[in-house]
Amino acid sequence: MNKSEGIIASGRTAELLAYEPQRVLKLFREGFPLRAVEQEFRVSREVHASGLRVPEPFELKEHNGRMGIVYEEADGLTMLAAIFRDPGIIKEEAGRMARLHAEIHKRKVDGLPRQKAMLADQITEAPFLTEEEKGRIIARIDLLEDDSLLCHGDYHPDNIMLGHKEWIIDWMTAMSGSPAADVARTLLLLRTGTLPEELPPPVQELFARIREQLTVEYLQEYMKLTDISHEQIERWMVPVAAARLVEWIPPQEKEQLLKLIRAQAIAPE
């Protein structure tokens with residue numbers, strides 16, 4: 001690497017390292033599937049070419065035995081960090097979050113995985129659910145609306161960067177499908193996402209308040225901007241929650257997902 005290996009940010013699946021002027025290296029954790037890294041690189045190129053505010057991906061890069069992607073640097077703070085710095089901007093940022101999501105959902109990008117097929121595959125592999133439960137949830141997916149619009153697949157305020165322009169990052173899970181399902185995924189992340197337990201209680205409490213208000217304001221504004229109803233979104237909640245069980249998330253978050261799934265009657269339509 002041409003710059004010192006300073007870690008800019010760190011997440012569950014990857015670290016972001018300084019690399020070259022106006023470029024960063026997103027270096028994935030050891031053991032993270034190579035096919036998932038390659039998928040993010042390919043999808044990010046397609047989405048960037050569509051004209052969305054996405055950091056340009058330049059190349060796949062191996063570094064110290066780990067795979068990464070060299071990206072254009074997205075300057076600024078994440079939306080979540082900006083809100084933590086000034087909770088008074090929640091309403092404004094929720095509106096921005098809704099607007100950017102609605103812009104994504106106006107586009108079509110060829111060659112992306114199909115949403116319904118991806119969800120069904122993930123549910124088939126999901127731990128903790130019985131085969132009967134999996135079958136009933138997958139049957140529900142077949143009854144839901146289908147579409148071929150661009151969906152981010154992991155849209156939340158930590159994947160929005162606010163700098164000299166707005167950036168939408170982390171496109172590994174992008175797919176072609178229904179915007180209502182993509183919004184359901186965002187609501188699920190906002191409602192059930194966990195913070196590290198070592199954070200002090202005041203920070204945990206502040207996060208809970210921010211999350212609740214952001215969720216309400218974002219959903220209201222998104223529905224104003226689109227013709228998608230709350231009912232349409234909620235119909236996707238159980239399939240999206242079941243599919244999330246296969247992901248690298250803490251056990252307590254998986255417990256929340258199971259409670260959500262089983263709180264809604266998993267019965268044939």
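This is a predicted model: local features need pLDDT of at least 70, side-chain atom pairs count only at pLDDT 80 or more; totals for chains, interfaces and linings use all residues.
1. Strand S2 (residues 14-20) and strand S3 (residues 23-28) run antiparallel to one another and are joined by six bridges, where strands are DSSP runs of E with at least two residues, helices are runs of H or I with at least four residues, and both are numbered from the N terminus. Two strands are taken to pair if DSSP finds at least two bridges between them. Within this pairing, Leu16 stands opposite Lys26 in S3, and the hairpin of S2 and S3 has two residues between the strands, with Gln22 taking a positive phi near 65 degrees.

2. Residues are numbered from 1 along each chain as its sequence is written, and side-chain values use heavy atoms, with hydrogens and water left out.

3. On its other pairing, S2 is joined to strand S1 (residues 7-10) by three bridges, again in the antiparallel sense, and Ala9 stands opposite Leu16 in S2. The hairpin that joins S1 to S2 passes through three residues. Five of the seven residues of S2 are buried, so this strand is largely enclosed by the rest of the structure; buried here means under 20% relative accessible area, exposed means over 50%, and partly exposed lies in between, with a 1.4 Å probe and protein chains only.

4. S3 also pairs with S5, antiparallel and over five bridges, and in this pairing Val24 stands opposite Tyr71 in S5. S5 covers residues 66-72, and because five of its seven residues are buried, S5 is largely enclosed by the rest of the structure. S4 (57-63) is joined to S5 by six antiparallel bridges, with Gly68 in S5 as the bridge partner of Lys61.

5. Which residue in the hairpin of S4 and S5 takes a positive phi? With two residues between the strands, the hairpin has Asn64 at a positive phi near 50 degrees, although Asn64 is not a glycine. Most residues other than glycine have a negative phi. Asn64 is exposed, with a relative accessible area of 65%.

6. A positive phi also occurs at Asp170, with a value of about 60 degrees, and this residue is not a glycine either. Asp170 lies in the loop between S9 and strand S10 (175-177), and at 28% relative accessibility it counts as partly exposed.

7. A separate description applies to the open sheet of three strands, which has the order S6-S8-S9 and antiparallel pairing. Its edge strands are S6 (77-78) and S9 (166-168), each of which pairs on one side only. S6 and strand S8 (residues 160-162) are joined by two bridges in the antiparallel sense, and the bridge partner of Leu77 in S8 is Leu162.

8. Thr215, in helix H7 (residues 201-225), is buried with a relative accessible area of 9%; leaving aside neighbours within four places in sequence, Thr215 is in contact with Leu187, Leu190 and Arg191, contact meaning heavy atoms within 4.5 Å. Ala102, in helix H3 (residues 90-104), counts as buried at 9% relative accessibility. Not counting residues up to four places away in sequence, Ala102 touches Tyr222, Leu225 and Thr226, while Ala102 and Ala36, 66 residues apart in sequence, are 26 Å apart in space, C-alpha to C-alpha.

9. Turning to the chain as a whole, there are ten helices and ten strands, and 48% of the 269 residues count as buried. A compact globule of 269 residues would have a radius of gyration near 18 Å, and the chain agrees with its 18 Å; the radius is taken over C-alpha atoms, and the globule rule is 2.2 Å times the number of residues to the power 0.38. The C-alpha trace spans about 55 × 40 × 40 Å along its principal axes. Of the contacts with a separation of 6 or more, 68% are accounted for by residues 24 or more positions apart.
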